[in-house]
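This briefing is for a reader new to the structure.

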Amino acid sequence: MTDLSFEVHTRLGNAAPGENGKHGKHGRTGVIHTPHGDIATPAFIPVATKATVKTLTPEQIKETGAQAILSNAYHLYLQPGPEIVDEAGGVAAFENWRGPTYTDSGGFQVMSLGVGFKKVLAMDVADLTTADVRAAKKERLAKVDEDGVDFKSVIDGSAHRFTPEVSMRIQHHLGADIMFAFDELTTLVDSRQYQEESLVRTTRWAQRCLDEHDRLTRERVHRPKQSLWGVVQGAQYGDLRRKAARDLVALSDAAEAQGRRGFGGFGIGGALEKENLGTIVGWVCDELPEHKPRHLLGISEPDDLFTAIEAGADTFDCVAPTRLGRRGGVYTLDGRLNLTNARFKRDFQGIDEEFGGYVSENYSRAYIHHLLKAKEFLAGTLCTMHNLTFMVRLVDNIRAAMERGDYEAFRDEFLGRYYRH
């Protein structure tokens with residue numbers, strides 16, 4: 001059966017490291033080919049945590065222009081169980097999504113739901129302490145050791161254990177085209193020493209993921225091939241990020257030299273300082289092979305997207321557009337609006353008529369304001385659909401500008417207007 005492949009089309013700026021160790025621009029357009037369809041890159045990938053983008057049908061997701069969706073191994077493991085999804089033919093068939101799919105390893109949720117505080121992975125810790133980002137020990141629901149992670153279910157408190165092998169088995173049952181190696185997620189407030197220890201552990205886990213992925217691929221020949229991507233950690237430290245990337249590439253190359261399956265791409269994970277986002281992504285992309293795609297986990301703010309694309313990221317996922325939408329927050333070309341505000345009570349224009357899209361063309365701000373105040377579920381559907389359309393189209397427009405050769409003009413015009421207020 002067809003495996004994943006990637007081809008680069010156009011490049012943005014220089015595609016090689018700069019002088020004196022400074023990274024160059026790695027931005028590019030391309031296409032990821034998967035057994036369930038192609039993904040033109042750069043691309044924004046909506047999050048379908050529990051095999052659903054909250055409040056939307058798969059048909060509505062398609063209407064936003066989304067090319068692929070990402071589901072969560074942790075949550076689907078807890079409910080309904082990976083075996084049930086496998087019996088349905090995989091996560092795409094289970095949720096009636098006709099297109100490529102991603103699943104994450106569950107590592108983020110083990111941290112954010114078990115160790116972290118308020119599910120937040122901070123990008124700015126200037127005013128935070130360790131206690132703000134990591135919960136007190138007595139509150140933790142997860143414990144990391146060299147072999148894996150013990151954790152308690154957020155549903156019923158039952159005890160469970162994830163290891164690299166368990167994560168691979170779960171994700172093979174889920175059957176996504178692209179899946180990620182099980183890693184330990186650290187925060188910006190973890191010590192340098194802990195970051196170093198964690199990185200060694202994550203590299204060992206990556207090798208175990210490759211071994212189990214290869215075994216399961218040979219065992220499950222009745223299913224389409226899946227692509228395993230390694231995850232680069234290292235927080236804000238340049239030497240650690242570079243080492244992590246080089247080590248993963250070496251593991252992949254060694255596996256492929258032995259006729260086994262290596263990493264089909266790479267994820268860039270962990271806590272990222274917002275002001276250093278481009279630098280950190282650039283460090284990683286300096287070390288990664290050009291012929292394999294790169295996914296930046298958990299990024300969606302417009303300025304961050306431009307920065308990350310310039311530095312070399314190809315695809316992105318984030319829950320922010322959907323979470324914001326369910327609370328009445330919406331994106332416009334002139335920045336964010338909160339439709340719960342009283343000033344929208346008699347505002348009968350669309351959310352952003354210049355931007356357009358199904359929601360702006362058919363529903364007024366006043367109507368959505370009413371739905372929000374009345375706590376009608378349709379409010380979340382309309383705001384979510386608008387936000388995903390906005391984010392997906394923004395990245396599509398970035399890709400088109402890169403291919404036309406006027407990327408910088410498009411970037412400056414968009415960001416100047418979006419952040420004007």
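Threonine 55 sits in the loop between strand 4 and helix 1; helices (H or I, at least four residues) and strands (E, at least two) are DSSP runs, numbered from the N terminus. This is a predicted model, in which local features need pLDDT of at least 70 and side-chain atom pairs count only at pLDDT 80 or more, while totals for chains, interfaces and linings use all residues. Residues are numbered from 1 along each chain as its sequence is written, and side-chain values use heavy atoms, with hydrogens and water left out.

**Backbone in the loops**

- Most residues other than glycine have a negative phi, and most peptide bonds are trans.
- Threonine 55 has a phi near 80 degrees, a positive value in a residue other than glycine.
- With a relative accessible area of 33%, threonine 55 is partly exposed; buried means under 20% relative accessible area, exposed over 50%, and partly exposed in between (1.4 Å probe, protein chains only).
- Alanine 51 is found in the loop between strand 4 and helix 1 (58–63), and its phi, near 65 degrees, is a positive value in a residue other than glycine.
- Alanine 51 counts as buried because its relative accessible area is 11%.
- Between threonine 41 and proline 42 the peptide bond is cis, with omega near 0 degrees; proline 42 lies in the loop between strand 3 (37–41) and strand 4 (43–45).
- Another cis peptide bond runs from glutamine 79 to proline 80, with omega near 10 degrees, and proline 80 is in the loop between helix 2 (73–78) and helix 3 (82–87).

**Overall make-up**

- The protein has 16 helices and 16 strands.
- Of its 421 residues, 57% are buried.
- Among contacts with a separation of 6 or more, 69% are between residues 24 or more positions apart; contact means heavy atoms within 4.5 Å.
- Zero disulfides (a disulfide is a pair of cysteine sulfur atoms within 2.5 Å) are found in a search of the whole structure.
- Cysteine 209 is buried, at a relative accessible area of 0%, and cysteine 318 is buried at 13%.

**Helix 7 and helix 8**

- Helix 7 (residues 164–174) and helix 8 (residues 192–219) cross at roughly 40 degrees, and their axes come within 8 Å; axes are lines fitted to C-alpha atoms, for helices over the stretch in contact, and angles run from 0 to 180 degrees between N-to-C directions.
- Helix 7 is therefore oblique to helix 8; angles under 35 degrees count as roughly parallel, over 145 as roughly antiparallel, 65 to 115 as roughly perpendicular and the rest as oblique.
- Helix 7 contributes Pro164, Glu165, Met168, Arg169 and His172 to the contact, and helix 8 contributes Trp205, Arg208, Cys209, Glu212, His213, Leu216 and Thr217.
- By type, the residues of this contact are five nonpolar, three polar and four charged; Ala, Val, Leu, Ile, Met, Phe, Trp, Tyr, Cys and Pro count as nonpolar, Asp, Glu, Lys and Arg as charged, and the others, Gly among them, as polar.
- Nine of the eleven residues of helix 7 are buried, so the helix is mostly covered.

**Helix 11 and its partners**

- Helix 10 (residues 277–287) and helix 11 cross at roughly 25 degrees, with axes that come within 8 Å, which means that helix 10 is roughly parallel to helix 11.
- On the helix 10 side the contact involves Leu277, Gly278, Val281, Gly282 and Cys285, and on the helix 11 side Asp304, Thr307, Ala308 and Ala311.
- These contact residues of helix 10 and helix 11 comprise five nonpolar, three polar and one charged.
- Helix 11 (residues 302–311) also packs with helix 15 (residues 377–404), at an angle of about 35 degrees and with the axes 11 Å apart.
- In that pairing, Pro302, Leu305, Phe306 and Ile309 of helix 11 meet Met391, Leu394, Val395, Ile398 and Met402 of helix 15.
- The contact of helix 11 with helix 15 has nine nonpolar residues, no polar and no charged.

**Phenylalanine 355**

- Phenylalanine 355 is in the loop between strand 16 (335–338) and helix 13 (358–362), and counts as buried at 11% relative accessibility.
- Leaving aside neighbours within four places in sequence, phenylalanine 355 is in contact with Leu333, His386, Thr389, Phe390 and Arg393.
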